[in-house]
Amino acid sequence: MADPETGLRARLIDVGVDLVNTEGVQALTLREIARRAGVSHGAPRRHFPTHLELLSAIARRGFTDLAGRAAEVRGDGAADPREQLAALGRVYLDFALTHRGMHELMFRHDLLESGHLGLRETSLPLFTLLVDLVGRARPDVDAALVAGSLLANLHGIAQLWTWGSLPLATGADDVVPLLRTALDAHLGPGGR
């Protein structure tokens with residue numbers, strides 16, 4: 001028989017994930033999550049002493065989802081590192097554009113307690129993978145700095161695309177050419 005307290009904890013996170021994906025970060029109040037979970041507004045505090053801890057648990061689900069998608073496209077990791085970076089970039093941009101609220105929450109360290117609930121343990125492996133692939137593609141550079149710059153570039157593409165700025169400015173109707181250009185800028189020109 002399932003523990004009702006464990007079930008409530010999972011339900012609160014599930015409700016938060018749904019809420020951030022449908023209504024955005026601003027909707028993630030303890031009161032609204034509790035209301036949608038069908039519990040009193042004080043009930044979440046039994047599992048999440050602070051609002052930050054609940055937000056971190058919700059963001060962890062986002063990182064777990066993104067990591068799963070990354071693992072699917074990476075396969076056995078034997079493909080060319082640049083090809084793997086292109087595939088990961090497409091996954092990242094797709095996730096950012098289709099899960100806008102979750103994507104925003106995941107990278108809002110001002111809202112999160114990344115040391116709690118395994119959030120760092122869920123988010124850092126994705127960056128470590130990016131660093132590894134950049135290092136394999138460009139052994140002549142500081143892979144962590146280039147990976148950080150590439151991540152910032154992809155994040156900016158996602159945000160500016162979401163706001164409508166990049167389609168307007170570039171005339172592009174898809175983010176793939178922007179991804180290829182970002183990879184060229186960070187890794188040097190590559191094949192198409």
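## Helix packing

In the description of packing that follows, an axis is a line fitted to C-alpha atoms, for helices over the stretch in contact, and angles run from 0 to 180 degrees between N-to-C directions. In this predicted model, helix α4 (residues 81-98) packs against helix α9 (residues 176-187) at an angle of about 135 degrees, and their axes lie 10 Å apart. That angle makes α4 oblique to α9, and the crossing in which α4 passes α9 is right-handed.

On the α4 side the contact involves Arg82, Leu85, Ala86, Gly89, Arg90 and Leu93, which meet Val176, Leu179, Leu183, Asp184 and Leu187 of α9. Sorted by class, the contact of α4 with α9 has seven nonpolar residues, one polar residue and three charged residues.

## Helix α2 and the residue after it

In helix α2 (residues 30-37), the buried residues are Leu30, Glu32, Ile33, Ala34 and Ala37. Just after α2, Gly38 adopts a positive phi of about 80 degrees.

## Aromatic cluster

Two aromatic pairs are found in a search of the whole structure. The ring centres of Phe63 and Phe107 are 5.6 Å apart and the ring planes stand at 70 degrees, so this pair is edge-to-face. The pair links distant parts of the chain, 44 residues apart, with Phe63 in helix α3 (residues 51-74) and Phe107 in the loop between α5 (100-106) and α6 (119-137). Phe63 counts as buried at 4% relative accessibility, while Phe107 is partly exposed, with a relative accessible area of 27%.

The rings of Tyr92 and Phe107 have their centres 6.1 Å apart and their planes at 70 degrees, so this pair is also edge-to-face. Here Tyr92 belongs to helix α4 and lies 15 residues from Phe107; Tyr92 is buried, with a relative accessible area of 7%. Phe63, Tyr92 and Phe107 together form one aromatic cluster.

Technical notes:
Residues are numbered from 1 along each chain as its sequence is written. This is a predicted model: local features need pLDDT of at least 70, side-chain atom pairs count only at pLDDT 80 or more; totals for chains, interfaces and linings use all residues. Side-chain values use heavy atoms; hydrogens and water are left out. Helices (H or I, at least four residues) and strands (E, at least two) are DSSP runs, numbered from the N terminus. Angles under 35 degrees count as roughly parallel, over 145 as roughly antiparallel, 65 to 115 as roughly perpendicular and the rest as oblique. A crossing is left-handed if the near helix is turned anticlockwise from the far one by less than a right angle, and right-handed if clockwise. Contact means heavy atoms within 4.5 Å. Ala, Val, Leu, Ile, Met, Phe, Trp, Tyr, Cys and Pro count as nonpolar, Asp, Glu, Lys and Arg as charged, and the others, Gly among them, as polar. Buried means under 20% relative accessible area, exposed over 50%, partly exposed in between (1.4 Å probe, protein chains only). Rings of Phe, Tyr and Trp (its six-membered ring) pair if their centres lie within 6.5 Å; planes under 30 degrees apart count as stacked, over 60 as edge-to-face and the rest as tilted.
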